[in-house]
Amino acid sequence: MSNLNIFGKAGPALATAAAVAAATLPSLASAGPTLDRITERGVIKVGVGTTPGFFAPDSDGKWQGFFIDYGRALSIAVFGTPDKVEFTSSSPQQRLPALQAGEFDVLLSGVTVTVTRAFKLGFHFGPTVFYDGQAILARKDLGVATAAELDGATIGVQSGTTGELNIADFFRKTGKSFTPVTIEDTSEFLAALESNRVDAITQDSSDLVGKLQQLKDPSAYVLLPERLSKEPLAPAIAAGDDRWLEIINWTVYATIQAEEWGITQTNVDEFLTSEDPAIQRFLGVDPSLAQDIGLDPKWAYNIIKTVGNYGEIYERNLAPLGWERGYNQLWTKGGLLYAPPFR
Ligand SMILES: N[C@@H](CCC(=O)N[C@@H](CS)C(=O)NCC(=O)O)C(=O)O
């Protein structure tokens, strides 16, 4: 009788190697330098931007916003409390090198996932938390209603952003001309528009909608309807720490899954008596899932109780700016948000 199996002739040797590897595999995604640094320091360092609704200090100097809530959620996942997180704004130009240098543990600053950033620069990304696109904010007195009509305009773009290449691509496609003015500093970027140094500025639409209200006369500008690009905005980290990446992934997914189940900040306690075994595992009533992944059984419960589900985070921070859900709606409601199974 032949002893050939699916491994062919080399089967037994390969099978033995696989068995040894399985026996020596760590049971948890291994922590790396970032998570070690975070636990040693006792605080998560987060790089952010300065756009109302997404990240901005309130009148008491306390950071508020959509991405800020995700920073607090990460603090809950790691430390069980929302306040072991430090937010620092830095320019789009400086924040990726600062992340690489270990000055930040994660960027929650509207970073777009791109293939160059993944392969060439070596960054890793959590789930997209906001599906955005690049837009143009133009002076109304130019008299244009669409970006396609812009010809010969001077356009401000922030250095280090995906906007630099997108705007050049856009004009290459329309065959019209433009003059880019590349500016690093955010205040200077906005000042360039207000002083007529540029005719328009281009950035993620999330950024422009938020910054518009900081301009002295918002009614003097028009947000042109085109979206020049796909800008999936996601948490970004340096390579080399699988467990930190998984904590980020599943923290975001927890907020999405909670919304899908209808679990909210106000009704989460009622769900503690749910008969659904998946919800029992999710909320830590049944601690087996948390034991398997090495997190506090109440980590997801605490996140929902403290910052709410995805929809609540969105509504609280972005509805006041007039944002509708659009692509940032659950997959069950025609959007793109989808959490893999918590099992
Ligand atoms: N998504 C683009 C742009 C990122 C970006 O510039 N984000 C805005 C916030 S959405 C920002 O940080 N602006 C500067 C600031 O707020 O100070 C990228 O990844 O390059």
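Which helix holds Ser206? Ser206 sits in helix α8, which runs over residues 205-212. Let's start with the whole chain and then come back to this helix.

## The model and the chain

This is a predicted model, in which local features need pLDDT of at least 70 and side-chain atom pairs count only at pLDDT 80 or more, while totals for chains, interfaces and linings use all residues. Residues are numbered from 1 along each chain as its sequence is written, and side-chain values use heavy atoms, with hydrogens and water left out.

Of the 343 residues in the chain, 50% are buried, where buried means under 20% relative accessible area, exposed over 50%, and partly exposed in between (1.4 Å probe, protein chains only). The accessible surface comes to about 15,900 Å², and carbon and sulfur atoms account for 54% of that. Such areas come from the Shrake-Rupley method with a 1.4 Å probe, and for residues only the protein chains shown count as cover.

## Two domains

The domain assignment divides the chain into domain 1 (33-130 + 233-333) and domain 2 (134-229); the bounds come from an automatic or database domain assignment. How far apart do the C-alpha centres of domain 1 and domain 2 lie? The separation is 30 Å. Across the boundary, 16 residues of domain 1 are in contact with 16 residues of domain 2.

The ligand lies between the two domains, because domain 1 and domain 2 both give residues to the shell around it.

## The shell around the ligand

In all, 22 residues surround the ligand, and the closest are Thr50, Arg95, Thr112, Thr186 and Asp204. By residue type, the shell has four nonpolar, 12 polar and six charged members. Here Ala, Val, Leu, Ile, Met, Phe, Trp, Tyr, Cys and Pro count as nonpolar, Asp, Glu, Lys and Arg as charged, and the others, Gly among them, as polar.

Several elements supply at least two shell residues each: α4 (92-100), β11 (200-204), α8 and β13 (231-233). Which of them gives the most? That is α8, with three residues.

Some atom pairs are worth a look in the viewer. A nitrogen atom of the ligand is 2.8 Å from a polar backbone atom of Gly110, and a polar side-chain atom of Thr112 lies 2.7 Å from a nitrogen atom of the ligand. Lys211 places a polar side-chain atom 2.9 Å from an oxygen atom of the ligand. On its own the ligand has 500 Å² of accessible area, and the protein covers 97% of that.

## Helix α8 and Ser206

Helix α8 is largely enclosed by the rest of the structure, because six of its eight residues are buried. The buried ones are Ser205, Ser206, Asp207, Leu208, Gly210 and Lys211.

Is Ser206 buried or exposed? With a relative accessibility of 6%, Ser206 counts as buried. Its side chain makes a polar contact of 2.5 Å with the side chain of Asp132. Such a contact is a pair of N or O atoms within 3.5 Å; within protein, one must be able to donate a hydrogen and the other to accept it, and residues adjacent in sequence count only if both atoms are side-chain atoms. Setting aside neighbours within four places in sequence, Ser206 is in contact with Thr51, Phe54, Phe130, Asp132, Leu233 and Trp323.

Asn196 lies in the loop between α7 (186-194) and β11. Its phi is near 65 degrees, a positive value in a residue other than glycine. With a relative accessible area of 46%, Asn196 is partly exposed.

Thr273 belongs to the loop between α9 (242-261) and α10 (277-282), and it counts as exposed at 64% relative accessibility. Ile293 is found in helix α11 (residues 288-293) and, at 31% relative accessibility, counts as partly exposed.

How values were computed: Helices (H or I, at least four residues) and strands (E, at least two) are DSSP runs, numbered from the N terminus. Contact means heavy atoms within 4.5 Å. A residue is near a molecule or strand if one of its heavy atoms lies within 4 Å of it.
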